[in-house]
Amino acid sequence: EFFEVEPGLLVLASREYIESRLKKIIAPLVQLQPLPLLVFLNEVEAVAASHKFEVQVKRGELIPVFAPDKKYYLLPSTLYSQVAAKLSPLLEKEKTLPVLVAESGLPSREILVVLEAMKEKGEVIEKKKGYFLLVK
């Protein structure tokens with residue numbers, strides 16, 4: 001299969017090869033409870049991880065997200081719930097990411113990924129680039 005590692009760079013590799021290479025990285029993460037926010041820098045890693053965590057994704061325990069920073073994430077639903085609960089009251093008025101970071105005290109990466117997941121679920125809209133508002 002061909003995988004795009006970065007724009008313009010394709011790699012031909014079997015799924016088995018990719019999964020075996022990432023197994024050493026992913027295996028210890030499976031044991032962590034609760035799962036952390038998982039970050040993948042390219043599509044090859046993301047595809048292999050999505051196969052490894054397929055059961056958790058289907059059960060809704062992990063939410064796959066492709067964020068504006070061009071990285072792939074597997075967002076634990078527990079983290080999503082916690083961050084979304086903190087952000088929702090703050091998003092009653094239109095806010096930017098830096099303002100949300102300052103007001104919530106949460107890491108910007110977590111906010112960015114959760115905002116993207118909230119947009120996909122229709123809970124938040126991005127009125128103009130970088131300005132987020134809760135859907136009522």
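This is a predicted model: local features need pLDDT of at least 70, side-chain atom pairs count only at pLDDT 80 or more; totals for chains, interfaces and linings use all residues.
The protein comprises six helices and eight strands, which follow one another along the sequence in the pattern β-β-α-β-α-α-β-β-α-β-α-α-β-β. Of the 136 residues in the protein, 36% are buried. Contacts between residues at least 6 apart in sequence were also examined; 53% of them join residues at least 24 apart.

An open sheet is formed by three strands in the order β3-β5-β4, with antiparallel pairing. Strands β3 (38-40) and β4 (62-66) each have a single partner strand and stand at the edges, so one side of each is left without a neighbour in the sheet. From one strand to the next, the twist averages 20 degrees. Strands β3 and β5 (residues 72-76) run antiparallel and are joined by three bridges. Within this pairing, Phe40 stands opposite Tyr72 of β5. Helix α6 (residues 108-121) lies across β3, β4 and β5, and its direction makes an angle of about 95 degrees with β4.

Helix α4 (residues 77-90) contains 14 residues, which at 1.5 Å a residue should span 20 Å; the end C-alpha atoms are 20 Å apart, in agreement with that expectation.

Ser104 belongs to helix α5, which covers residues 97-104. With a relative accessibility of 11%, Ser104 counts as buried, since the cut-off for burial is under 20%. Two polar contacts involve the side chain of this residue. A polar atom of the Ser104 side chain lies 2.7 Å from the backbone oxygen of Leu100, and the side chain of Ser104 also reaches the backbone nitrogen of Leu106, at 3.2 Å. When neighbours within four places in sequence are left aside, Ser104 is in contact with Lys86, Leu87, Leu90 and Ile111.

Note on methods
Residues are numbered from 1 along each chain as its sequence is written. Side-chain values use heavy atoms; hydrogens and water are left out. Helices (H or I, at least four residues) and strands (E, at least two) are DSSP runs, numbered from the N terminus. Buried means under 20% relative accessible area, exposed over 50%, partly exposed in between (1.4 Å probe, protein chains only). A polar contact is a pair of N or O atoms within 3.5 Å; within protein, one must be able to donate a hydrogen and the other to accept it, and residues adjacent in sequence count only if both atoms are side-chain atoms. Contact means heavy atoms within 4.5 Å. Two strands pair if DSSP finds at least two bridges between them. Axes are lines fitted to C-alpha atoms, for helices over the stretch in contact, and angles run from 0 to 180 degrees between N-to-C directions. The expected span of a helix is 1.5 Å times one less than its number of residues.
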